[in-house]
Amino acid sequence: MPAKNNSQDNNQLLQIRRDKLAELQAAGRDPFRITKYDQTNHTSDIREHFDELEFVPPVDEEGKAKVVPLEDIPEGKVVSIAGRMMFKRVMGKASFANLRDLKGDMQIYVTRNDLGDDEYAYFKKYDVGDILGVKGFVFKTKTGEISVHAKEVTLLSKSLQILPEKFHGLTDTDIRYRQRYLDLIMNPDVKETFVKRSQIIAEIRNFLAKRNFMEVETPMLVHNAGGAAARPFETHYNSLDEDVKLRISLELYLKRLIVGGLERVYEIGRVFRNEGVDTRHNPEFTLMELYQAYTDYNGMMELTESMFRHLAEKVCGGTKIYYGDKEKGTGVEIDLGKPFRKLTMTEAIKEETGVDFDAVSSDEEAKKIADDHHIAYEDRHKKGDIVNLFFDEYCEDKMIQPTFIMDHPIEISPLTKKKPSDPSKVERFELYINGWEMCNAYSELNDPIDQRERFAEQDKLAAAGDEEANHTDEDFLNAIEVGMPPTGGIGYGIDRLCMLLTNSEAIRDVILFPTLKSLDASDTKSSCSSTQNGDNNGFFTPNSQIDFSGVKVEDFLTDEVDFDTFCKSDFRAVKVKECVAVPKSKKLLQFTLDDGTGTDRTILSGIHKYYEPEELVGKTLLAIVNLPPRKMMGIDSCGMIISAVDERNGEEELHVVMLDNHIPAGARMC
């Protein structure tokens, strides 16, 4: 019943806003007929130039400030600001409100004496969320707060929805990502992240312009999606009646331009990979690739180190940055000012495991070592693939300070020049910071005969079922047969770079509109209603819309678990910090959970058929946390996520049990 009453109250409030709009329109004051407003200042400008803008009105015989007509205020002292009203407090003949624009918040002071009876009456009816234009002068209140004393207030747009409740703000991640406009309104730090992202990209362009690079654009719809190991999206070109793919890389077209004599080129653009979604991967993301003729991967190292240092100084104010929660001490300081460390991939593996793959001579020997270390691999894998699997397992997350990992196996680098001193390796590096791969660079392969052989090997892998393999690109081969100079090339994940420099936990926090599973109409309506109430609890579908008739308790442990054992199970609320698909498994998801202990808990659950990882990040789930660790796909699963089993048409479905997001992590279920 309370939920119904809340819904009724909310509908009444929404209707009141529409009634107010109708009254304004009937009075000839329709805000939606206004086409422009002369905004002369932003809130930050006023704070920065307060001494120049401050106006002190004359006082009367009693020492009270006189009401000064707008036309009598010196021209240089009049300001006009515009933004969304986030707060309003009416106190009889005077009111205070808070206005939020692109640069911040500003208090405005509104009086009946300044506006007149009619205009002040209209102002009192304006709602939080309305967009206002305010013209007046700058002053400082008795408490020292810089404010704007309003002489004119103009309603520029009427908000017909209700913003989330201010105290709790907008915290539900699913709502934040789906309704980014609300996220930007309610969370100033989110807006700052995206302002900083724009600055990062602008500084990249400035840096490359000073090095004489030329920015170009290349096709997004291609017949051969090459240049990376990834599964492409496919679509159909109606006018040509041809199937095409969305690009997974920028590489092959940019190299064509190097052949054409454009010696330094780069592109910042969207690429699309039909793969999983987690905290560091989104199916469409922003990639920058650049190519420079007459240099090699050593030249790319110098450029990368210099550019990262430049970005840190310009965007973060210094070369030492902190990733994580500094106040809690749960993060790490990263120094981009020191020379970046350089290690070969085999050196890094030997440092962490003691295994020297440089001394391993055959694929069989490499697989035996993998078996000994419980590293899963496929029959088709060769020594170089095993080396890469070892690095991923033992080394990647250890690379916190900037480290160039060099000289990769040839098997995982089909477009890279072989090392003259060791043909089993290539001149390639990846930069790792904070345990993340930040970029990937090559001494580019410009031998068309060698390139054709590499493509042939990739074609064989594709024929064997590898959906991520490259395919032979005849036009690209023709281009490098014309002649491509020695070239260094590199690709940067812009989103991940923005995560690092803005201290963001997930890639969705730096993409304005991240990929999310679509909602049906009823879910969308419910989501909006919950947001308006400012009390979204994290459920995807209201309970009133779920058919529970097919739900049953899972009975696979009926004969093994007695009541006494069940009572010993420790059921806890857990918050999903991260959720990713387990490699090589079609059904397992790996959860990183906050269970209230301060130490992350890992649990695997076979629910990938029913949920995508990004759906569950930020949710509060129910788990048993006192079960002994159980190895699944080589990963210790420490507990069990509780699900409900629903039988429909003879088939069972799993539904994760979700709790109200207000329940704290670690809360015990009784």
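Predicted model: local features only at pLDDT ≥ 70, side-chain atom pairs only at ≥ 80, totals over all residues.
One partner is strand 2 (residues 94-101), joined to strand 1 in the antiparallel sense by seven bridges.

Strand 23 (residues 589-594) and strand 24 (residues 601-605) are antiparallel and share five bridges. F591 and I603 are bridge partners in this pairing, with I603 belonging to strand 24. The hairpin formed by strand 23 and strand 24 has six residues between the strands, and G596 in its turn shows a positive phi of about 90°. Strand 24 is mostly covered, since four of its five residues are buried.

Helix 9 spans residues 251-259, and seven of its nine residues are buried. The buried set consists of E251, L252, L254, K255, R256, I258 and V259. These buried residues pack against several elements: strand 10 (264-272), strand 11 (284-293), strand 19 (436-443), helix 15 and strand 20 (487-493). Just beyond the end of helix 9, G261 adopts a positive phi of about 100°.

Helix 16 (residues 494-502) is also mostly covered, with nine of its nine residues buried. The buried residues include charged ones, D495 and R496, as well as L497, C498, M499, L500 and L501. Helix 16 is followed by N503, which has a positive phi near 55°.

Two helix pairs can be described by how they pack. In general, two packed helices are characterised by the angle between their axes and the distance between the axes. For helix 11 (residues 345-353) and helix 13 (residues 383-394), the axes come within 10 Å and cross at roughly 50°. The two helices are therefore oblique to each other, and helix 11 passes helix 13 in a left-handed crossing. On the helix 11 side, the contact is made by M345, T346, A348, I349, E352 and T353, while helix 13 contributes V387, N388, F390, F391 and Y394. By class, the residues of this contact divide into seven nonpolar, three polar and one charged.

The second pair consists of helix 14 (residues 448-463) and helix 15 (residues 474-483), whose axes come within 9 Å and cross at roughly 160°. At that angle, helix 14 is roughly antiparallel to helix 15. The crossing of helix 14 past helix 15 is right-handed. P448, Q451, R452 and F455 of helix 14 meet E474, F476, L477, I480 and E481 of helix 15. The residues of this contact comprise five nonpolar, one polar and three charged.

How buried or exposed is A464? A464 counts as exposed because its relative accessible area is 63%, where the cut-off for exposure is over 50%. The C-alpha atoms of A464 and Y120 are separated by 75 Å, and the two residues lie 344 residues apart along the chain.

Two further loop residues deserve a look for their backbone angles. N212 has a positive phi near 65°, although N212 is a residue other than glycine. N212 sits in the loop between helix 8 (188-210) and strand 6 (214-215), and its relative accessibility of 61% makes it exposed. Y294, likewise not a glycine, has a positive phi of about 70°. The loop that holds Y294 lies between strand 11 and helix 10 (297-316). With a relative accessible area of 57%, Y294 is exposed.

Key:
Residues numbered from 1 in each chain as written. Heavy atoms only, no water. Buried < 20%, exposed > 50% of the residue type's maximum accessible area, 1.4 Å probe, protein only. Pairing = 2+ DSSP bridges. Axes fitted to C-alpha atoms, helices over the stretch in contact; angles between N-to-C directions. Parallel < 35°, antiparallel > 145°, perpendicular 65-115°, else oblique. Left-handed = near helix turned anticlockwise from the far one by under 90°. Contact = heavy atoms within 4.5 Å.
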